[in-house]
Amino acid sequence: MASELASMFPKLGSLGTSDHGSVVSINLFVALLCACIVIGHLLEENRWINESITALIIGLGVGVVILLISGGKSSHLLVFSEDLFFIYLLPPIIFNAGFQVKKKQFFVNFITIMLFGAIGTLISCAIISLGAIKFFKKLDIGFLDIGDYLAIGAIFAATDSVCTLQVLHQDETPLLYSLVFGEGVVNDATSVVLFNAIQNFDLSSVNPSIALHFIGNFLYLFLASTLLGAATGLLSAYIIKKLYFGRHSTDREVALMMLMAYLSYMLAELFYLSGILTVFFCGIVMSHYTWHNVTESSRVTTRHAFATLSFLAETFLFLYVGMDALDIEKWKFVSDRYAERGPGLSVAVSSILMGLILLGRAAFVFPLSFLSNLMKKSSEEKITFRQQVIIWWAGLMRGAVSMALAYNKFTRLGHTQLQDNAIMITSTITIVLFSTVVFGLMTKPLISLLLPPQRQLSTVSSDANSPKSLTAPLLGSQEGSEVDLNGQELPHPPSLRMLLSAPTHKVHRYWRKFDDSFMRPVFGGRGFTPVAPGSPTEQEP
C-alpha cells in the first residue's frame, strides 16, 4: 500500500523520506476532499448538484490553479494508477452497494435487473463497438484493431447512475430505484468482466469456436465470482457466530468483517475472477447472515464505516478526474498528432461516442422493458414509459469505472505513451465531465417532469393485501415478508410468464424452510443469534 501511495505522487518520493513536496501534495488533496464534503453538505438541500458534480467542479478549478502556478506543465497532484483504483478504491464502493442494498426489492426485480445489467450491457457494448468501427475509420484517428474497438465498447458501456439515485426516493419509487440501482451494480461488473475477457483473448481472427469459448468464459466468470462472494460471506458469518468475538471485543468482529469483505475481492483477483461481482454478493450475504451475528455497537459501526469508505473513495475519484481533465501531456499529444485538423477532431470523436452511448442505451432499455412487462401480470409491477425514460437517462452518465478501464487500456502507469491513444483518454475525460455535469444537472428537472410528486406515490406498493405482496425475496430477511394466506395453498402457476414474473409464494416458502432448517442454524442471522448480554438485537441493516 505504501509503495502504491508513494508512486502516485510525481517527483515527490516516498513518505518515509519526509520529502516536503510529498507532504504538501497529500495535505492539499486531503484539504480538497474536506472541501468537497463541506460544500456537499451546504448543497444538501439542492438536489440538482451532488457530491460527484461538486468534486468534478472543484477538481477542474484546482486543476486550473495548478496549471497556472506550474507554468502549464501540470494540472494535478498525483498520477493515476489503475491498480490503486481496482485494488483500493473500487472494493469499498461495490461492497457497500451490496451491504446496503434492500434485498427484498433487489431479488423481487432480479430478472429485470439482470436483463438490463447483463444483457443490456452486452447490447450497448456491441452497438458502441460497431459504431466506432464505422465512424473512426472514416476519421482516420490511427491504428485500432478489433480488440481496441471492443474494449472501447466495454469502456463506454459502463454507467454511473449516482446522480439519478440521489434524486429518486427509495420509499416513494421502490421499483424504479431498485431497477436503477441494481442495473448500475450489475452493469459495472459486466463491463469489467467483458473488458477483461476482451483483453485476455486473441481477437485477430474471430471464428465460431473462439466466439463460443469467449461466451463460455464470460458465463464462467459470472457464476464463479458470485459463488466465491457468497462462500466468503458465509465463512465470515460462521466464524463470527461460532466464536462470538463480541463477548470480549467488538473491535475484533468489526475488523474481521472488514478484512473478510476485502479478502473476497482479492481472492477473486487471485483466481482471475470478477472482484466486483464477488465483493457485491459477499456484501449481500454478510448483511443477511454476518451482520446479525455481531453486537449492536458493531452493527452501527460497520454500517457507517462501510458507507464512509465508499463515500470517500467516490469523492477521491471524481476529484481526480476533474484535475486530470486539464492534463497538458494528453492534450499536447492530441494536438501534435492531429495538428492539421485542429481541435475539431477531438470534438468529433467525443460527439460520436456520446451519440453511440445514447443509441446503445435506447437500443436495450425500451425493448427489454417491453419484454419484462410481458412477464408481469399486475399493472403495478410493469415499467411505465415514463419510468423507462428515467432508466434510459440514468445510464447516460459515465464515471469512475469508464475512466479506470480507459486508463488501463490506453495508458501505462498513468501516462499516455502513444499519440494515437491520447485522443481516447481525452475523449473519455470529456464524456465523463460532460455527462456527469450536464446530464447530472438536468436529472432533477427531468424526473420532476416525468414523475411529479402525486404520481410518484402511485409506485409505492406497501399494502400487504395487494397481489404484489405475494412477491417475496429469495434472500428476504424480514420475518413478516411471507404472506399469511390463512393456511391456503396457492395454486401452481398456470403459465411460464407467472413463474418468471417473480418468486411465487411456494418458491419463497421452500427457500425460507431451507434457510431456517439448514442455513441459519449454521451461519446465524435473524432469529438464530444467541440471546446474551451484549448480543445482537433483531434489526434489519
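Mentor: Gladly! Accessible areas come from the Shrake-Rupley method with a 1.4 Å probe, and for residues only the protein chains shown count as cover. On that basis the protein chain has an accessible surface of about 23,800 Å², 66% of it belonging to carbon and sulfur atoms. This is a predicted model, so local features need pLDDT of at least 70 and side-chain atom pairs count only at pLDDT 80 or more, while totals for chains, interfaces and linings use all residues. Residues are numbered from 1 along each chain as its sequence is written, and side-chain values use heavy atoms, with hydrogens and water left out.

Trainee: What makes threonine 290 count as buried or exposed?

Mentor: Buried means under 20% relative accessible area, exposed over 50%, and partly exposed in between (1.4 Å probe, protein chains only). Threonine 290 has a relative accessible area of 0%, so it is buried. Across the protein chain, 53% of the 541 residues count as buried.

Trainee: Where is threonine 290 found, and which residues does it touch?

Mentor: Threonine 290 is in the loop between helix H12 (275-288) and H13. Helices (H or I, at least four residues) and strands (E, at least two) are DSSP runs, numbered from the N terminus; the protein chain has 21 helices and zero strands. With contact meaning heavy atoms within 4.5 Å, threonine 290 touches Gly233, Ser236, Ala237, Ile240, Met257 and Val285, leaving aside residues up to four places away in sequence.

Trainee: How do you know that the span of helix H9 agrees with its number of residues?

Mentor: The expected span is 1.5 Å times one less than the number of residues. For the 27 residues of helix H9 (residues 174-200) this should be 39 Å, and the end C-alpha atoms are 39 Å apart, so the two agree. H9 is also mostly covered, with 24 of its 27 residues buried.

Trainee: Why is the pair of tyrosine 238 and phenylalanine 523 called edge-to-face?

Mentor: Rings of Phe, Tyr and Trp (its six-membered ring) pair if their centres lie within 6.5 Å; planes under 30 degrees apart count as stacked, over 60 as edge-to-face and the rest as tilted. The structure holds 17 such aromatic pairs. One of them joins phenylalanine 29 and phenylalanine 316, which is tilted at 55° between the planes, with 4.9 Å centre to centre. For tyrosine 238 and phenylalanine 523 the centres are 6.4 Å apart and the planes at 70°, so that pair is edge-to-face. Tyrosine 238 lies in helix H10 (residues 208-243) and phenylalanine 523 in helix H21 (residues 505-523), so the pair ties together parts 285 residues apart in sequence. Tyrosine 238 is partly exposed at 33% relative accessibility, whereas phenylalanine 523 is buried at 16%.

Trainee: What makes glutamate 183 and arginine 361 a salt bridge?

Mentor: A salt bridge needs a side-chain nitrogen of Lys or Arg within 4 Å of a carboxyl oxygen of Asp or Glu. Here the closest N and O atoms are 2.6 Å apart, and glutamate 183 forms a salt bridge with arginine 361. Glutamate 183 lies in helix H9 and arginine 361 in helix H15 (residues 344-374), so parts 178 residues apart in sequence are tied together. Both glutamate 183 and arginine 361 are buried.

Trainee: How many salt bridges does the count come to by this rule?

Mentor: The count comes to four.
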